[in-house]
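Student: I am new to this structure and would like a close look at a single part, the place where two chains meet. Please take me through it in one connected answer.

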Amino acid sequence: MRTHHLPIQGATCQGCANKIRTALGAVPGADDIQVDLAEQQVTVHGDAEPEALSRALAESGYGAEPAEEPAEQPQPEPAAGDGESAGGDIQLSITGATCASCVRSIETALGGVPGVRDASMNLADHSARVSGQAAPRDLIRAVESAGYGASVIDDPRRADQEREEREQAHYRQLLRHTGYGLGVGAPLMLWGLLGGSMTVQPGTWSQAAWLAVGLITLAVLALPGRPFFVGAWKALRHHNANMDTLIALGTGTAWLYSMVVVLAPGLVPEAARHVYFEASAMIIGLISLGLALEVRARGKTSAAVKRLLDLRAKTARVLRDGGEQDIPVEQVVAGDRVRVRPGEKIAVDGEVEEGSSRLDESMLTGEPMPVAKGPGDSVAAGTLNEGGTLIYRATRVGADTALARIIELVKKAQGTKPPIGRLADQVSAVFVPTIMLIAVAAALVWFNVGPQPPFSHMMVAATTVLIIACPCALGLATPMSVMVGVGKAAEYGILIRQGEALQTAADLDTVVLDKTGTITEGRPALTRVLAADGGTEDEILTLAASLEAGSEHPLAQAIMTAAEERGLSPRPVSDFQALNGKGVSARLDGATLRLGNRRWLEQEGVTLALDDQAADLSKDAATPLFLARDDRVIGVLGVADRIKTDAAEAIRRLRERGLRVIMITGDIQASADAIARQAGVDEVLAEVLPEDKAREVKRLQQDGARVAMVGDGINDAPALAQADVGFAIGTGTDVAIESAAITLMSGSLHGVADAMAISQATLGNIKQNLFGAFVYNSLGVPVAAGLLYPFTGWLLSPVIAGAAMSLSSVTVVSNANRLRFFKPNKADRRTADGSNES
Amino acid sequence: MIWLINLSGLALMALIVWWFWLSGAGKARRATHGAVDIIVDDGVYEPAVIESNAGEPLSLRFERRDASPCAEQVVFHGLDVSEYLPVGETTTVTLTPEQPGTYRFTCQMNMYQGKLIVH
């Protein structure tokens, strides 16, 4: 008889231990097998060969040899996988896996099958996804030889369903626990309230009756109360203390004291022979009820991310090999051509190749109007096709799509905390041990200077302090509101990068708006056509378009777009010439046509016309382009970078919020003033070089202003970074603009006002929560300790403490949920009304 | 008797202070091959102390068994990383801490507490 000690690794649960026992038990001569999970070692008694044992252990997936842990290491591609296109993923349903390390051994087993490129197992829905070229039956055999069962499944959506069911099950379990706790506690409490005796008379029937009640209460503590005790114990071993610690200590103390009274009444003075079983049971019930309500309410706080996750399409109709096939969206690769029919979602980011349609992008940008799309336009995953059929080429898939990055950003921001929450963080980190100290101290004070009987008063004071203290309310106050606030902002197409921005954005007094692309469209458009000598506008525009058809200048684009909108088609010209900074010329119908600026035509000896009207155009910030046939000007076209349709309205909203609105631009003063008049800003900073924008922002800050800078995120990056809060104004899908704390996905300036309104509402909500949580704890704990007793004779019952505690965290979560109904526009309108009335 | 109870009360308080604040926390687990499995259950991360080296990519595989919403999110303070942990699933958090130091990782409300020590 020999003894072998073999190192194991990755075994973390009894399921793994069983697997190891089974694997080693099959080795001849292995008689007694002991698995020590703590030491990660297995001890085998018997005459088995050590090599055979090691081999069996290695096959089980728990061997400690380095070769057994390749799951996380980058594996060289197996030869079979080289050069092969991605085969279809295979989903396997796995049975018998109970813990994280089972996952690893299954992944290792699957990874060893030739042709498997990647294998990952999901313990939640007991499924494994295998990509590569392996045959399903080989995969199943590999899993089975590792000691588990496997079968092929087809429905990847089951995971979601099962997860929801699991959450529901948790909720129902909490409700059941509530039922047990209150079912035992309430009748006992009623008995006490109705004048029944809650004390133990030794040697009478009451002792036996209370013993029975005590055992029933123990069942409540051991079953519905089990999670608290297990949690408290585990935390204690880690030198850690949490809410479970407080509840376990509180209910445990009450029960232990009562049991001492029942079993050994002699130890306790007669007046103190009171039992508190009802408190233990009621507290377990009430806290479980609180947790159940919290689960419900918290589900709603993450609704924004769930809504974004739901935008993901499940399948895509891909045109491959001359046919069309619906494939899971995960298998779409960049370069695939995808067809999307009316009413369907765009599956991945791409560029339209054929067809035209309108897309509802509101879920991403908050912009309610559908956007027209045609060949060359980009489309974003998650948006809804409202019109015709489109065929687009996939450009970004998987985690690279704008939607995936938005989800990532929102999730990240939801985990960050504005500085206002830091105090609560510091407090909650030391909260529980402090409460324990207060509980012991309170008990000692009652013992030394309290009234008779000291023991029961000590017990009540300590238990009540432990139970009433609520670290949850404190810990939840900030994150819950941030979560709802950031999610709310995302609903309006506003991406907040940091929780900190929520706090800063709520407290701004100056907004600096970049002109081009922020207040204006950022691309010139035709504003007016003037014809001389009895010509018509359409004639002038047709000629201008014929001239510009070969040009790629932004001004030319403006003319071409306008001609197209009016249904005018350009005519073919000859001898086309583009003169940089001057204009273009060409020949048509035997005449020389020129289109360009005034100075150039003058130099060419052209007779000018319409000069006064052209000067008017300049005053409205439009650039006049003169059209000449041979040596006479026959028309003038005004081209301007128009202000966005809702810019003036949005700026009015900002000013109504009491903000000083400043426009910053490189334009000359005159044209800057013209735009400023239309937009209705307070001040203009004109002729500012791009690199000086950051300096201007800094100058404002030095004058004591708290400045928001709104710009395009690329040219304005330094200014955005310098500002207290940088707003990058995006165009739909540019989500990851690093220089800005806040990204507005729609081009509308309303986003700035919306973001500020949401930030203010969120900050207000956090303040309410923090105030509530601090006041609750700093009033509740002293009252529970009996501070009011010397003055009023009040001593809180532990049951009331339990009710107050579970109510307090539910209140915090519910208050945060109120934010979900916040409407930024409405809030502004209300301020606007208010200012009108006053 | 009176002295005994008072003394044991004070001793208990001293024990609380010592255990939760003064004595060292749980044993550290060094990241092996840049990956660590962490079980999220019953109010604690297991293991709760992770060691790693600066500049090395680290995969932390969080297996959330606790269905209570407290465990829903893990936040790495000072690293700008947070992740949702769906119940019953293993969620891999990948990060590369560049600066040596001690980073706390907690649930949203600081009840679950862990430490990432970067050398």
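Tutor: Between chain A and chain B there are seven residue pairs in polar contact, with both residues at pLDDT 80 or more; a polar contact is a pair of N or O atoms within 3.5 Å, where within protein one must be able to donate a hydrogen and the other to accept it, and residues adjacent in sequence count only if both atoms are side-chain atoms. On the side of chain A that touches chain B, helix H13 (residues 422-449) gives the most, with 13 residues; helices (H or I, at least four residues) are DSSP runs, numbered from the N terminus. That side of chain A divides into 29 nonpolar, 18 polar and 17 charged residues, where Ala, Val, Leu, Ile, Met, Phe, Trp, Tyr, Cys and Pro count as nonpolar, Asp, Glu, Lys and Arg as charged, and the others, Gly among them, as polar.

This is a predicted model, in which local features need pLDDT of at least 70, side-chain atom pairs count only at pLDDT 80 or more, and totals for chains, interfaces and linings use all residues. Residues are numbered from 1 along each chain as its sequence is written, chains are lettered from A in the order in which they are written, and side-chain values use heavy atoms, with hydrogens and water left out.

In total, 64 residues of chain A are in contact (heavy atoms within 4.5 Å) with 53 residues of chain B. Three salt bridges are counted between chain A and chain B, each a side-chain nitrogen of Lys or Arg within 4 Å of a carboxyl oxygen of Asp or Glu. One salt bridge is between the side chains of Lys234(A) and Asp42(B), at 3.4 Å, N to O.

Note on methods. Helix = DSSP H or I, 4+ residues; strand = E, 2+ residues; numbered from the N terminus.
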